[in-house]
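Colleague: Hi! Could you walk me through this structure?
Modeller: Happy to, here it is.
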Amino acid sequence: LSPSPSALIFQLKQRAYAACTAVASAYADCCRGRTLSMAWACRDELKALSACLGQQLSRCWCLVSFCG
C-alpha cells in the first residue's frame, strides 16, 4: 500500500527540515532573546533557511513526481 498524499507531504517536510537542521539552528540562535528586532536582525538567516527548505522540498518533490 502506498502512503496517502498528506502522509507523503508530511514525510517530505520532515526530510527537508532534517536536511536543514544547521541552518534552522542558526536562525533560532539569531532569534533567541529578540522580539520585534528579529525581523531585520535575522533577515539573512531567514533567507538562508527559506532557500535551504525550498531546495530540499523541490528536490524531494521532484523525486516523488519522477522528474529528470
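Modeller: Among contacts (heavy atoms within 4.5 Å) between residues at least 6 apart in sequence, 58% join residues at least 24 apart. This is a predicted model, where local features need pLDDT of at least 70 and side-chain atom pairs count only at pLDDT 80 or more, while totals for chains, interfaces and linings use all residues. Residues are numbered from 1 along each chain as its sequence is written, and side-chain values use heavy atoms, leaving out hydrogens and water.

Colleague: Thanks! How many helices and strands are there in the protein?
Modeller: The protein has 4 helices and 0 strands; these are DSSP runs, H or I of at least four residues for helices and E of at least two for strands, numbered from the N terminus.

Colleague: Which residues form the largest nonpolar core?
Modeller: That core has 9 residues: A16, C20, Y27, C30, C31, C42, L49, C52 and L53. A nonpolar core is a set of buried Ala, Val, Leu, Ile, Met, Phe, Trp, Tyr and Cys residues joined through side-chain atoms within 4.5 Å.

Colleague: And what is Y27 in contact with?
Modeller: Leaving aside neighbours within four places in sequence, Y27 is in contact with M38, C42, E45, L46 and L49.

Colleague: New topic: why does L57 count as partly exposed?
Modeller: Because its relative accessibility is 32%; buried means under 20% relative accessible area, exposed over 50%, and partly exposed in between, using a 1.4 Å probe and protein chains only.

Colleague: Where does L57 lie?
Modeller: In helix α4. Beyond neighbours within four places in sequence, L57 is in contact with L12, K13 and A16.
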